[in-house]
Amino acid sequence: MTCWWLALLLVPAMVHATDVQATLDRSSVQLGETVTLNLRIDNAGGNIQLPDLSVLNQDFSILGTSQNSNLSIVNGKASSTLTIGVALRPSHVGTLQIPALSVDGSRTAPLQLQVSAPDPAGAATTHNDVFMEAQAEPAHGYVGQQLSYVLRLYYATNISNGALSAPQVDGLEVSRVGSDLNYDAQRGGRTYHVLERRYALVPQHAGKIEIPAASFQGEAIDPNDPDSFFGSSTPISASAPAVSIDVQPPPADWGRNAWLPARQLSLTLDGWPGAQDSVRVGQPLNLTMNLQATGVPFEALPALSLPSLDGAKVYPDKPVTGNRQDGQWMVGRRQQSFAIVPERAGTLTIPATTLKWWNVLTDHMEVAQVPAHDVTVLPAIGAAVQPSSPAPALAPASGAAAPATTALAQSVPWRWIALGSVGLWLLSTLAWWLWRRRRVAPIAAPAAARTSARQCQLAFLAAARGSDTAAQARSLLAWARAERPAIQHLGELAAALDAAAQRAAIASLQQRQYAGTPLSVAGADLAQVFKRGFVWRVSGKPGQDTGLPPLYPFKLH
């Protein structure tokens, strides 16, 4: 028993796993520059010891470490993040490997760093205390493709204040990416402090676009100058060379599909029921579609939708959008949730969804696809089961069985005939008594049915004046079943009604129940719409168009 309780106490410790991620502030450097290895530890508990960094001594010089912790509380749930920064200086040129590091029981993913030889042109400017570099990556691209523009300010003096000019070019959308990077670099044997600032450029038209020279204006203080103690400073300035990029239009045969030039793109649809989960008529199936693209802001991503489904209604939730940074690239994301409500039992097919996009790394068109999926829908709980056909008569077990039965029938004695006559007389008497009872109270049963339906109607009208959407849906369905027991869900009720206002009110109620949308004009006042009872559709009357606009104007091809 003691071991059993001990095992339970150890479960939380076994389930908890620290999430550790290793990143470099830059993926490529020149020999003599420094780079920072950041170890991000989420939900760190207690004191975290530094990992063994001796494995880095072969390719790097370790200049120092720093730590930064952050604690946040969202909706009563606390989360902590610890970031360990390790300043490194590469020892030689080439592709250097940073192996996996063990931190608090977890291991990081290995990283690569490209180290190139120092630029001779940059070394020629090292006689200056301050100079700048500018770089666009890649130097050519497509309309709508994100390009990276990097400014580097090198300074070997104490700067008291200053400002970098941001690029402003017609035909380019410019936005800052992340925070400034600070590191050290060597140029011509001289050590410089470096401030690196990154921008995302998105061309809006094709052609050659030139980014003018960026500039820096500031003030420097000389520590050897005795007047510097009293605030005396010297104005300094520097400028980066102009940079040009070549922008191409989309391929001529692209068609009318959305143009998505991305470095990477993924399209998924999650939330499918497992083997042990059942899907029933009238119960929502919640699916979530995610679209994520590297190098494309979410504003350029198409809206997500599902096509019309045969045998089910789709209710979209509010979309979730946003951008995040992955190094020097922005990552756009769209998320759309759907509540799919089956209307009949059987196989429900969710058709495939495809999306064309242009891979800027391979310079080829690719297709992201969510494959078609079949879902087995069971009848609603409490639904009437179709009676099975009568079982066929059993065949004789042997050839001798039939003659024996015939002989037995022929030998029925007269007393059985008498007993049968008495039974027929009793059945006739019982039938006469039931007929007389129906004549005495011919309207008792209908009156009881009307009373039950009236009570359900009053219960719904009371719920309709409140704000509990689930109670409104339940009471409305109960009222409908009191009048027409065959109705199983609100979809069947809407199909059986003839009044467009009542059908629109049911659609609005389902939207609020499954998608959380606000009240619509057509279905806001449920009590008023159903005050005079249901307006049933006449049997045999052809279907009418509801006149409602489609819920899914956007489709992916």
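Five bridges tie β17 to strand β20 (residues 243-248), and the two run antiparallel. Strands here, like helices, are DSSP runs numbered from the N terminus (E, at least two residues, for strands; H or I, at least four, for helices), and two strands pair if DSSP finds at least two bridges between them. Within this pairing, I211 sits opposite V243 in β20. The pair belongs to an open sheet of three strands, ordered β11-β20-β17, with mixed pairing. At the edges stand β11 (140-142) and β17 (207-211); each has a single partner strand, so one side of each is left without a neighbour in the sheet. From one strand to the next, the twist averages 30°; axes are lines fitted to C-alpha atoms (for helices over the stretch in contact), and angles run from 0 to 180 degrees between N-to-C directions.

All of this comes from a predicted model, in which local features need pLDDT of at least 70 and side-chain atom pairs count only at pLDDT 80 or more, while totals for chains, interfaces and linings use all residues. Residues are numbered from 1 along each chain as its sequence is written, and side-chain values use heavy atoms, with hydrogens and water left out.

How confident is the predictor in the chain? The pLDDT, the predictor's confidence in each residue from 0 to 100, averages 78 over the protein chain, and 74% of the residues score at least 70. Over residues 385-412 it stays under 50, and the model gives that stretch one contact beyond four places in sequence, a contact being heavy atoms within 4.5 Å. Residues 439-448 also have pLDDT below 50, with zero contacts in the model beyond near neighbours in sequence. Where pLDDT is low, the predicted coordinates should not be read in detail.

Another open sheet of three strands has the order β2-β9-β6, again with mixed pairing. Its edge strands, β2 (28-30) and β6 (94-98), each pair on one side only. Neighbouring strands of this sheet are turned by 30° against each other on average, direction ignored. Strand β9 (residues 111-116) is joined to β6 by five bridges, and these two run antiparallel. Here L96 faces L113, which lies in β9.

Grid points are joined across faces, edges and corners, and a volume is the space filled by probe spheres set on the points.

The largest pocket has a volume of about 1,400 Å³. It is lined by 49 residues, with L24, D25, R26, R198 and G327 the closest to its centre. Strand β10 (residues 130-137) supplies the largest share of that lining, six residues. By class, the lining of this pocket has 14 nonpolar, 20 polar and 15 charged residues; Ala, Val, Leu, Ile, Met, Phe, Trp, Tyr, Cys and Pro count as nonpolar, Asp, Glu, Lys and Arg as charged, and the others, Gly among them, as polar.

As for cavities, the count comes to one of 30 Å³ or more. The largest cavity has a volume of about 40 Å³, and its lining consists of K313, Y315, V341, P342, E343, H489, G491 and Q510.

Finally, some backbone details. A cis peptide bond, with omega of about -10°, joins E137 and P138, and P138 is in the loop between β10 and β11. D363, not a glycine, has a positive phi of about 60°; D363 lies in the loop between β29 (353-359) and β30 (364-370).

Methods
1 Å grid on protein atoms, 1.4 Å probe; cavity = no way out; pocket = protein on both sides within 12 Å on 5 of 7 lines; lining within 4 Å.
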